[in-house]
Amino acid sequence: MTEGTRSWQDWLASDAPASRRQARLGEAWRLLRAFLRHRLAVAGLIILGLLLLAALLAPLVAPYPPAAQHLAERLAPPGAQHWLGTDEFGRDILSRLLYGARITLGIVALVTAIAAPVGLAVGCTAGYLGGWADAALMRLTDVFLALPRLILALAFVAALGAGIENAILAIALVAWPPYARIARAETLTVRRTDFIAAARLMGASAARIVLRHIMPLCLASVIVRVSLDMAGVILIAAGLGFLGLGAQPPSPEWGAMIAAGRKFMLDQWWVGAMPGIAVAVVSLGFNLLGDGLRDVLDPKQR
Amino acid sequence: MTPKAATAALRLLAQVLLTLFGLLLATFLIARVVPIDPVLAVVGDRASAEVYQRVRAELGLDQPLWVQFYRYVSLVLHGDFGRSVLTRNLVTADIARFLPATIELATAATALGVLLGIPLGVLAAARQGSWLDQLIRVVGLLGYSIPVFWLGLMALLVFYAEIGWAAGPGRLDVFYEDRLAPTTGLLLVDSALAGDWAIFRSALAHLLLPAGVLGYFSLAYISRMTRSFMLDQLGEEYIVTARAKGLSEARVLWRHALGNVLMPLVTVIALSYASLLEGSVLTETVFAWPGIGSYLTNSLLSIDMNAVLGGTLVVGVIFVTVNLLADLLYRLLDPRMR
């Protein structure tokens, strides 16, 4: 290790930071090192990084267009021409999986974008206001938590009509309650602190305190929970696609691809097996990452 | 019961009633957002405006929403879920016919999960960091990551089509179907009662794969929880005392530590049972298992809303009830909760 690297590492790890910036960077550095020591979590991060790359670069790295049919090569086994084989229309399965990564990531992103803010808003409001508002909002959350998520989502999609947008909406609708619980618990720990009292003395409105001071503090716990939940979201989305209630063919959504491969299961196993492996690997990635983040970020576990 | 425990039980009961009310409200609202006009479904699209209005009034759709909800709740409480468009039977009759298959499947799967999961969890905790411990970790992680319907397809491919160890889809060989008059609806019980061992063997062969697949997920969850409960107990002082007294390690593990873990495990097992009922929706489709999950899926795909809502309500009520029972059992068994 050279003199130069030694000194900036010492600066980051210093017990007596001289500036706010040094303290912040130091804390980030400590968390990063704790995270990197967690080998399985890093493996999860790598899996998800590859997923992101696949989704971004699909048009560049996919050997064939996802919808290109080569009927002469239909149901070809995995080989040099088609690494993962072809489906019943002679479409290259690897290319379809790479494009399917976009759909999976899209579902994950949209469900998070809907469910996390709703959960945060409900939880922080309930925790900060207390009293009747708290009781009412939390009973509502408990009711949603106690109901079977998958079946409720199925019924919602059946009512709204099959399709990927409705599937996302239905999943988000059953995904927010855990975030509300967590956000409320975090809010209760900070609402009596001095800096909240100071903000109130300066005339900040309840909305401003919740939005600017409380919500940012709840973010870390919610992010951990979101990354742990994403595996479940991917499984539910694939299940909806498999039942024909989510993304519709010819979309290369992985669950729908498994459903299409079902007809050829006995003789051409790869048509249904490959997308299933993709689903399992990606949700494994989220599980590993979530476990690691919880170990690193949750001070109670340390 | 002490007053404190009584208040706690009352609170729990109130929460359950509220949850069931929420379930009713959710299914009612789902029925409202269906983009199919229920009046048109009855009268057809060539009916005159007067007929349309009359049927609309007969169906109560001209009433305010809360009146409609009241009517819906009173119908449901009288056990009237309407008629299924698909099977043309009463939804309640359909559910009574399909539910036993699901109960049989979920029970067999949970039994597998308990019988294998608890010993594995105990051993993993006893030898923390060993290969067995690592194995449990991997089994658990895969259990949280693999899609259940995909594992079912793969199991059919390998154990039915390739090796031929298990029977294929369905509950019985076609040959035996309708030969057994249902008493409990659980084929294993019915055939044993009738002394028809050929049917019993066929039913068992068919149950093996779906129960094994669902059982894997139950095993993953139960073994992981057993391990972490056991680790908590093994750090306690009474374990040190037991060891100091010279008790054998087996006795310390299986009697002292496990004995204290069984109570929280009851809750875990109940939760696992409830989630298997839910997971059966996807598994039953794969194995053509004629249970409530298949019924629900078929109705979903043909937008047979009476059947969908009836099935959702019944599964939801069982789900909530099993969780409630687990909670009550826990309070009853654990002296600290009394």
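Modeller: Before you start: contact here means heavy atoms within 4.5 Å. This is a predicted model, where local features need pLDDT of at least 70, side-chain atom pairs count only at pLDDT 80 or more, and totals for chains, interfaces and linings use all residues. Residues are numbered from 1 along each chain as its sequence is written, chains are lettered from A and ligands numbered from 1 in the order in which they are written, and side-chain values use heavy atoms, with hydrogens and water left out.

Biologist: How many residues of chain A are in contact with chain B, and how much area do the two chains bury?
Modeller: On chain A 40 residues are in contact, and they meet 40 residues of chain B. Buried area is the accessible area (1.4 Å probe) that two parts lose on being put together, summed over both. Of that area, 78% is on carbon and sulfur atoms, and the total is about 3,600 Å².

Biologist: How far apart along helix α5 of chain A are A:R139 and A:D142?
Modeller: Helices are DSSP runs (H or I, at least four residues), numbered from the N terminus. The side chains of this pair meet in a salt bridge at 3.2 Å, N to O. They sit three residues apart in the helix, which means a separation of about one helical turn.

Biologist: What should helix α5 of chain B span, and what is the distance between its end C-alpha atoms?
Modeller: The expected span is 1.5 Å times one less than the number of residues. This helix has 36 residues (91–126), so it should span 52 Å. That agrees with the distance between its end C-alpha atoms, 50 Å.

Biologist: Where does α5(B) kink?
Modeller: The bend at a residue is the angle between axes fitted to the seven residues ending there and the seven starting there. In α5(B) there is a kink of about 30°, shortly before the proline B:P100, and it lies at B:F98.

Key: Helices (H or I, at least four residues) and strands (E, at least two) are DSSP runs, numbered from the N terminus. A salt bridge is a side-chain nitrogen of Lys or Arg within 4 Å of a carboxyl oxygen of Asp or Glu.
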